[in-house]
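Visitor: I would like to go through this model and ask what lies behind the terms used for it. Please set each value against its cut-off where there is one.

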Amino acid sequence: MKAGLEVHQQLAVGKLFCACPTELTETVSDAFTRSLRAAGGENRNVDIAAAQQASRGLVYRYEAGPSSCLVEMDEEPPHPLNEAALDTALTLALLIGAHPVDEIQVMRKIVVDGSNTTGFQRTALVAVDGRLDVGGRSYTVPTICLE
Amino acid sequence: MSDPPSTDIWNELSGLPPGQRVELIDSEGRTWRGAIVPRHDFSGERVVQLKLESGYNIGVRVGPNSRYRLLGPSPSPSGLPTRPAAPPRESDDASWIALLTTGGTIASRVDYETGGVKPVKEEREVLEFFPELEAAGRVRIVPVFDRLSEDLVPDDWRVLAEKIVAVFVEGARGVVVAHGTDTLGFTAAALSFLLVDLPGPVVLVGAQRSPDRPSSDGASNLRAAVEVAHDPRLGEVVVVMHAGPSDDRFAIHRGTWVRKMHSSRRDAFRSRNGPPLGVYDTGKVEFHLPVRAPSAGPPRVDGPIDTRAALLWFYPGLTPERAARFAEGCRGVVLAGTGLGHVGADQLPWIRAATARGVVVAMTTQCLEGNVEPFVYSTGRELLRSGVIYLGDLLPETAYVKMVWALGHASEPEEVAKLLARDRAGEFHDRHSSKESV
């Protein structure tokens with residue numbers, strides 16, 4: 001049996017694709033509703049899980065506050081990837097002996113459960129094959145992503 | 001491995017078709033398995049783009065010692081197949097809507113070579129994006145152009161107008177024009193001036209998010225546009241787009257009043273100088289202002305046009321020489337002046353010379369709202385004396401389009417000026433409310 005862990009760490013360098021802070025807040029300054037469709041992805045085929053989710057015809061209500069801007073509302077194209085975040089990810093990668101990929105690409109992962117206003121999350125594979133030694137044991141870190 | 005380590009495999013790899021799966025061993029001996037995805041313009045040299053088996057995309061540099069082997073084409077995705085190329089259903093219902101496609105984001109997909117979006121060309125592709133059109137059975141798709149709207153030119157307005165008349169003559173109850181948003185306002189104004197005796201609505205619609213995104217506004221805008229195109233009360237050219245950031249409320253703008261006021265928001269289109277004509281809200285069309293009723297017909301195109309016209313935005317530092325050169329060869333010039341309709345006093349000589357030789361010079365305001373008014377300041381009075389005509393609250397773009405139309409209809413400057421000043425498509429507002437116009 002093989003088990004793996006996916007560890008998410010929010011980086012304290014602002015958001016990845018806009019200049020917003022990452023602070024969580026209860027303040028609501030705007031609200032809007034959206035529906036999401038199962039769009040064909042890169043290969044023009046519609047993912048069956050996405051189609052199933054979209055066929056439910058749900059309407060999602062979003063609330064915007066001081067930590068969000070038009071980018072989170074999917075009303076403005078993403079800004080260039082946050083360089084401080086990329087620097088942090090690359091630093092971590094090198095610290096654990098991982099191998100940065102030759103060219104980092106941001107790809108779309110279609111998620112139409114409403115958790116993203118865009119209907120997809122943006123993920124970039126930064127490095128592979130790291131190793132972390134803790135308490136006398138060695139753990140492999142196969143992939144390091146920014147998303 | 002298909003190649004010995006010493007052979008440069010770049011030429012072979014870069015020629016592989018997208019979707020081809022490969023196992024690539026890079027110069028450092030690391031093995032990557034994935035499918036080729038198209039290279040993009042911003043990628044580095046000798047970098048092959050792979051979609052890894054994990055689903056992530058990366059670029060791998062191909063060095064002199066890289067090796068690869070073919071793994072065969074990508075297996076069929078487990079998801080739904082691409083929709084078949086079924087033609088739209090011909091409905092027995094007489095009330096069909098014609099959907100004219102011209103390109104633009106509403107009918108575009110991501111182009112992996114540039115990372116941008118590219119218009120689709122065929123009916124089949126439009127149906128892939130909007131399968132509900134097929135199910136509705138009341139929409140016939142008529143491809144007209146497959147261009148982004150910034151590539152459309154005034155002669156295209158005439159072609160589009162002729163197509164619209166043709167589908168009305170065939171019996172369409174209303175017409176929807178899917179159009180790129182960048183110059184949609186120009187086309188809407190042009191069709192407003194060109195089309196006469198419309199028996200039903202002409203609805204221009206676009207999208208601010210491409211249809212390959214789950215969050216695209218294209219489908220909901222299109223649905224609203226089709227509903228408005230069915231409305232029996234309407235016989236004029238309108239634009240239907242999101243009224244706000246939500247997917248449930250859509251503004252119905254008069255074609256001559258509307259302007260793209262934001263580069264990316266869904267609700268970028270705003271009527272200037274007053275509210276829109278109405279809204280499509282939770283499934284219902286409501287008009288808040290009087291609209292032009294359908295005509296008994298027959299519809300026709302009131303051409304021709306003359307494109308010897310220019311739109312000139314005045315700004316501090318614009319030299320009269322530059323402005324005069326810009327106006328060369330024109331029969332008409334629309335100025336977007338400051339405030340109530342002013343330009344620097346140093347512009348007066350070229351303007352006087354132009355009007356003296358029969359060029360029609362018209363004034364609008366770059367404030368985009370409110371009337372131009374020549375009598376308040378001396379500059380305005382000078383401009384008026386120089387032969388400049390003042391065009392009320394017309395948007396500069398609408399005034400330019402009207403100039404192109406008017407120049408095609410009259411040879412004498414005085415006649416052109418009369419056509420410009422006379423309301424034709426409800427483009428002038430008699431009254432301006434203090435209420436926020438959005």
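Visitor: Where is B:Pro304 placed?

Guide: B:Pro304 sits in the loop between E19 and E20 of chain B. This is a predicted model, and the values that follow are computed from it.

Visitor: What makes the peptide bond from B:Gly303 to B:Pro304 cis?

Guide: The omega angle: for this bond omega is near -10°. Another cis peptide bond joins B:Gly297 and B:Pro298, with omega about 0°. B:Pro298 belongs to the loop between strand E18 (284–287) and strand E19 (300–301) of chain B.

Visitor: What is noted about phi of B:Asn273?

Guide: Phi is near 75° there, a positive value in a residue other than glycine. B:Asn273 is in the loop between strand E16 (269–271) and strand E17 (278–281) of chain B. B:Leu368 is not a glycine either, and has a positive phi of about 70°. Its loop runs between E22 and helix H9 (378–385) of chain B.

Visitor: Why is B:Asn273 called buried?

Guide: A residue is buried if 20 or more other C-beta atoms lie within 10 Å of its own. B:Asn273 has 20 of them within 10 Å, and is therefore buried.

Visitor: Why is B:Leu368 called partly exposed?

Guide: Buried needs 20 or more, exposed means 12 or fewer, and partly exposed is in between. B:Leu368 has 17 other C-beta atoms within 10 Å, so it is partly exposed.

Visitor: How do you know whether B:Phe193 is buried or exposed?

Guide: The cut-off for buried is again 20 or more. B:Phe193 has 27 C-beta neighbours inside 10 Å, so it counts as buried. It is found in helix H5 of chain B. Leaving aside residues up to four places away in sequence, B:Phe193 touches B:Val401, B:Lys402, B:Trp405, B:Arg424 and B:Ala425. Between the C-alpha atoms of B:Phe193 and B:Ala224, 31 residues apart along the chain, the separation is 24 Å.

Visitor: At what angle do helix H5 and helix H10 of chain B pack?

Guide: Helix H5 (residues 184–194) and helix H10 (residues 396–407) of chain B pack at about 40°, and their axes are 9 Å apart.

Visitor: What is the order of the open sheet of four strands in chain B?

Guide: The order is E20-E21-E22-E23, and the pairing is parallel.

Visitor: What makes strand E20 and strand E23 of chain B edge strands?

Guide: Strand E20 (309–313) and strand E23 (389–390) each pair on one side only.

Visitor: How do you know that E21 and E22 of chain B pair?

Guide: Two strands pair if there are at least two bridges between them. Strand E21 (residues 332–337) and strand E22 (residues 360–365) of chain B have six bridges, in the parallel sense, and therefore they pair. B:Val333 stands opposite B:Val361 in E22(B). Helix H7 (residues 320–327) of chain B lies across E20 and E21, running at about 155° to E20(B).

Visitor: How many bridges join E4(A) to strand E4 of chain B?

Guide: Two bridges join them, and the strands run antiparallel. The cut-off for pairing is at least two bridges, so E4(A) and E4(B) pair. A:Glu103 stands opposite B:Gly59 in E4(B).

Visitor: How many residues of chain A are in contact with chain B?

Guide: 38 residues of chain A are in contact with 35 residues of chain B. Elements of chain A that each supply at least two residues include helix H1 (48–54) and strand E6 (120–134). The chain A side divides into 17 nonpolar, 11 polar and 10 charged residues.

Visitor: How much of each chain counts as buried?

Guide: Of the 438 residues of chain B, 49% count as buried. For the 147 residues of chain A the figure is 27%. Chain A has two helices and seven strands, and chain B has 11 helices and 23 strands.

Technical notes
Residues numbered from 1 in each chain as written. Chains lettered and ligands numbered in written order. Predicted model: local features only at pLDDT ≥ 70, side-chain atom pairs only at ≥ 80, totals over all residues. Axes fitted to C-alpha atoms, helices over the stretch in contact; angles between N-to-C directions. Contact = placed C-beta atoms within 7 Å. Nonpolar A, V, L, I, M, F, W, Y, C, P; charged D, E, K, R; others polar.
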